[in-house]
There are 2 protein chains.
Amino acid sequence: MADLNYTTPPNRPATAENPAGRPDDPIWDLIELLFFAYRDFVSDPDDALAKFAFGRAHHRVLHFVNRNPGMKVADLLVILKITKQSLGRVLKQLVDQGYIVQKEGANDRRQRLLYATPKGEALAMKLAGLQTARISRALSELGPAAHEQARRFLIAMIDTDGRDGVLQSIARADQARKPKP
Amino acid sequence: MADLNYTTPPNRPATAENPAGRPDDPIWDLIELLFFAYRDFVSDPDDALAKFAFGRAHHRVLHFVNRNPGMKVADLLVILKITKQSLGRVLKQLVDQGYIVQKEGANDRRQRLLYATPKGEALAMKLAGLQTARISRALSELGPAAHEQARRFLIAMIDTDGRDGVLQSIARADQARKPKP
DNA sequence: AATTTATGTCAATATGGCTGACCTAAATTA
DNA sequence: TAATTTAGGTCAGCCATATTGACATAAATT
């Protein structure tokens, strides 16, 4: 912990494109920081899951089902951008071991709506807690505006055509959650 | 594109811990936005790599070798946090197909120092360009401080004990690059 | 009645990880 | 110098997660 002359961005500020028409220099710092930040971000749940013989795939499924109770299988496939065969294996394990239940749709009886069981919710919340601890620690090192700044940056990084769906999904899930009275 | 009441964070501001000692509510928005942002961030190179019959693993190796010419195999293993057997397979393909060369260390002749060939550098720069395009687009939607804000947030998300190494690695690689005269 | 949709399943394949064992050559140390 | 450690490579097998393609069933829609 000594030499720290690396606190200012080494690249010139990013523009859409240089005046010369030549492509911008790569934004090395953010490219690499995204890699390292995400690597560590997922490592916390990964380690915890290892004790359950579950993996990252199970985490993702359990997370979104817990956040969106009653979601359809098809919705999950769109969010995760995987095939139903890939989902099938993981989902089956979660169902067999009592973390997720499937209920017939009331309107459309072909649907298998997905719900986290209490056991599943507990695990999902535990994993979310690990990730929240890391985010909280990070935000606490920064100013009070950091949450909103991070939020805006991450939103802007999402495909423009997928953005609305993501934001609506987050907003919907938030609303559906019982606010503590 | 209509209803947008989701532009403000739905969670209360994150604190290290609540006064009550009860764990914080999960920071759902950043947890999910990190997932979606990273998913799309890696999708650009993934798509491009598919044409070469290369995958994400090749990208990571080529990226770091290109950024750190002459790096040791052992360094790469530490950065990627994988085993040498895992590295071996992808590295061999990159070497066989002429994207990376290995040179005997001058001081220590056991070392196989890694360098991107011109062909390898071209591919690495192409992939970095794709990622830079996404980042540039994102930053251009935000204020001029956004780059620095994103940088700080991502740094804070990294494991505290790994942080210095990451930052030094980035700084070192930047310095080693020839500044255009 | 015919078709489409939601979901599930079987089979084969690819990728990218892992562990464990073992090897060579070169550097370091006793 | 002899013994040990280090840097790197390799073989073999296993596991998790993803893919494509084909096919099956039941319920909704036309």
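**Figure 1. Salt bridges between the two chains.** Between chain A and chain B, 10 salt bridges are counted in this predicted model. Side chains of opposite charge can pair when their charged atoms come close. One pair across the contact joins the side chains of Asp40(A) and Lys81(B), at 3.7 Å from N to O.

**Figure 2. The side of chain A that touches chain B.** Polar contacts link 24 residue pairs between chain A and chain B, counting those with both residues at pLDDT 80 or more. The elements of chain A that give two or more residues to this side are helix H1 (28-50), helix H2 (56-67), helix H3 (73-80), helix H5 (118-140), helix H6 (146-157) and H7. Which helix gives the most to the side of chain A that touches chain B? That is H1(A), with 14 residues. Sorted by class, this side of chain A has 38 nonpolar, 12 polar and 23 charged residues.

**Figure 3. Extent of the contact.** Chain A puts 73 residues into the contact, and chain B puts in 73 residues. About 7500 Å² is buried between chain A and chain B, and 67% of that area lies on carbon and sulfur atoms. Of the interface residues of chain A, 100% are also interface residues in chain B, so the copies meet through the same surface.

**Figure 4. How the two copies are related.** Two copies of a chain are related by a rotation about an axis and a shift along it. Here, chain A is superposed on chain B by a rotation of 180 degrees with 0.0 Å of shift along the axis, and the RMSD is 0.1 Å. The two copies are therefore related as by a two-fold rotation axis.

**Figure 5. A salt bridge within chain A.** Over all chains, the count is 28 salt bridges. One of the salt bridges joins the side chains of Arg67(A) and Asp174(A), at 3.1 Å from N to O. Arg67(A) belongs to helix H2 of chain A and Asp174(A) to helix H7 of chain A, so this pair ties together parts that are 107 residues apart in sequence.

**Figure 6. Confidence along chain A.** The mean pLDDT of chain A is 88, and 85% of its residues score at least 70. Over residues 1-16 of chain A, pLDDT stays under 50, and the model has 30 contacts beyond four places in sequence for them. Where pLDDT is low, the predicted coordinates should not be read in detail.

Note on methods
Residues are numbered from 1 along each chain as its sequence is written. Chains are lettered from A and ligands numbered from 1 in the order in which they are written. Side-chain values use heavy atoms; hydrogens and water are left out. Copies are superposed by least squares on the C-alpha atoms of residues with pLDDT of at least 70 in both. Contact means heavy atoms within 4.5 Å. pLDDT is the predictor's confidence in each residue, from 0 to 100. Buried area is the accessible area (1.4 Å probe) that two parts lose on being put together, summed over both. A salt bridge is a side-chain nitrogen of Lys or Arg within 4 Å of a carboxyl oxygen of Asp or Glu. A polar contact is a pair of N or O atoms within 3.5 Å; within protein, one must be able to donate a hydrogen and the other to accept it, and residues adjacent in sequence count only if both atoms are side-chain atoms. Helices (H or I, at least four residues) and strands (E, at least two) are DSSP runs, numbered from the N terminus. Ala, Val, Leu, Ile, Met, Phe, Trp, Tyr, Cys and Pro count as nonpolar, Asp, Glu, Lys and Arg as charged, and the others, Gly among them, as polar.
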